[in-house]
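Here is a short briefing on one protein chain. The points are grouped by topic, for quick reading beside the coordinates.

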Amino acid sequence: RKGCAIVTGASSGLGLATAKALSETGKWHVIMACRDFLKAEKAAKSVGMPKENYTIMHLDLASLDSVRQFVDNFRRSGRALDVLVANAAVYQPTAKEPSFTAEGFELSVGTNHLGHFLLSRLLLDDLKQSDYPSKRLIIVGSITGNTNTLAGNVPPKANLGDLRGMAGGLNGINSSAMIDGGEFDGAKAYKDSKVCNMLTMQEFHRRYHEETGITFASLYPGCIATTGLFREHIPLFRLLFPPFQKYITKGYVSETESGKRLAQVVSDPSLTKSGVYWSWNKDSASFENQLSEEASDAQKARKVWEVSEKLVGLA
Ligand code: NDP
């Protein structure tokens, strides 16, 4: 049978390119888990995805009710789940004030981390039940949360501190909207959310890899300077960022190429190692990359896991 992969945020950028790459192999059925059904349908058609190889299902990661509803709908579809790709993200680098999810969590961490945390925890059971030979849970990370890299050292740097804001609910009322308890900063909130993504992948690996055989992985797909991620940035930035990445940092990667990379992490028989953060070199060959000290701190990973469980109502 075909493999079945859920890809969140498959309506644009990396998620769409990945969905396209997988659907074209004919070996995968892709569940495009998207908040905007019409946009997703148009996107799938515009890139020419074979229609028998995908299904669009509604998922708004900024609402935990929607996450639970999505899981119910998916289960009702009767499909087995072989791979889950947590890809969707919001980035609000110019926001002066925080915005919030349905449950009142700061939007970037609430969507990118907490929504995906609940989704992955609930769907772990479905992955366990699948009889697919190589089951995987992939959480898209980023270089920007990694302070052991040049890009990760551009201020404001990611820093989860002692998690006091997160423990307080990230609601901006009786707790800070930021994980470390500091002043709101949209760019930092995004980077912090990516650190949570990378820590969550490792904690999944520690807790469940041996028992389930599921591969847990994260990746940095390269700088895809043209995606919608930068939609809220100032126009001058959006104009200069792609050529800057292309010619100066040389970290630039096209959406198509980034989609092939993520599709590789989904299905390549040689990328089955669990607990790994994949990156690609200049020749587009994959290698196991090192995470920064904070993004590989086992104690912090456990703490993020435990606090997140409380916030999403699993503990
Ligand atoms: P895009 O903005 O193009 O795609 C983000 C996707 O997430 C969109 O499909 C968007 O939906 C979806 N999304 C946002 N909020 C929600 C929500 N509440 N519920 C469901 N879906 C939502 O960005 P990219 O493709 O660049 O980003 C994809 C991933 O790649 C992210 O995890 C990002 O951190 C990571 N990444 C990107 C890099 C880059 O250079 N671009 C570099 C490193 C990592 P909609 O279409 O409706 O807006």
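Leu163 sits in the loop between E5 and H5. Its phi is positive, about 65 degrees, although Leu163 is not a glycine. Most residues other than glycine have a negative phi, and most peptide bonds are trans. The model is predicted.

- The peptide bond from Pro155 to Pro156 is cis. Its omega is near -5 degrees.

**Overall fold**
- Nine helices and eight strands make up the secondary structure of the protein chain.
- For 315 residues, a compact globule would have a radius of gyration near 20 Å; the value for the protein chain is 18 Å, which agrees.
- Along the principal axes, the C-alpha atoms fill a box of roughly 50 × 50 × 35 Å.

**Helix pair H6 and H9**
- Two packed helices are described by the angle between their axes and the distance between the axes.
- Helix H6 spans residues 186–212, and helix H9 spans residues 298–311.
- Their axes come within 9 Å and cross at roughly 95 degrees.
- An angle of 65 to 115 degrees counts as roughly perpendicular, and H6 and H9 are therefore roughly perpendicular to each other.
- On the H6 side, the contact is made by Cys196, Leu199, Thr200, Glu203, Phe204, Arg206, Arg207 and Tyr208.
- On the H9 side, the partners are Ala298, Lys300, Ala301, Arg302, Val304, Trp305 and Glu306.
- By class, this H6 and H9 contact has eight nonpolar, one polar and six charged residues.

**Largest cavity**
- How many cavities of 30 Å³ or more are there? The count comes to one.
- The largest cavity holds about 40 Å³ of space.
- Its lining consists of Asn112, His113, His116, Phe117, Ser120, Ile139, Asn197 and Thr200.
- Helix H4 (107–129) and H6 each supply at least two of the lining residues.
- H4 gives the largest share of this lining, five residues.
- By class, the cavity lining has two nonpolar and six polar residues, with no charged residues.
- Thr200 is part of this lining, and Thr200 is also among the H6 residues that meet H9.

**Second largest pocket**
- About 180 Å³ of space lies in the second largest pocket.
- The residues lining the second largest pocket are Gln202, His205, Arg206, Gly275, Val276, Tyr277, Glu288, Asn289, Gln290, Leu291 and Ser296.
- H6 and strand E7 (276–280) each contribute at least two residues to the pocket lining.
- Which element supplies the largest share of the lining of the second largest pocket? H6 does, with three residues.
- The pocket lining divides into three nonpolar, six polar and two charged residues.
- Arg206 lines this pocket, and Arg206 also belongs to the H6 side of the contact with H9.

**H6 across the topics**
- H6 crosses H9 at roughly 95 degrees.
- H6 supplies at least two residues of the cavity lining.
- H6 also provides three residues of the lining of the second largest pocket.

Technical notes: Residues numbered from 1 in each chain as written. Predicted model: local features only at pLDDT ≥ 70, side-chain atom pairs only at ≥ 80, totals over all residues. Heavy atoms only, no water. Axes fitted to C-alpha atoms, helices over the stretch in contact; angles between N-to-C directions. Helix = DSSP H or I, 4+ residues; strand = E, 2+ residues; numbered from the N terminus. Parallel < 35°, antiparallel > 145°, perpendicular 65-115°, else oblique. Contact = heavy atoms within 4.5 Å. Nonpolar A, V, L, I, M, F, W, Y, C, P; charged D, E, K, R; others polar. 1 Å grid on protein atoms, 1.4 Å probe; cavity = no way out; pocket = protein on both sides within 12 Å on 5 of 7 lines; lining within 4 Å. Points joined across faces, edges and corners; volume = space filled by probe spheres on them. Rg over C-alpha atoms; globule rule 2.2 N^0.38 Å.
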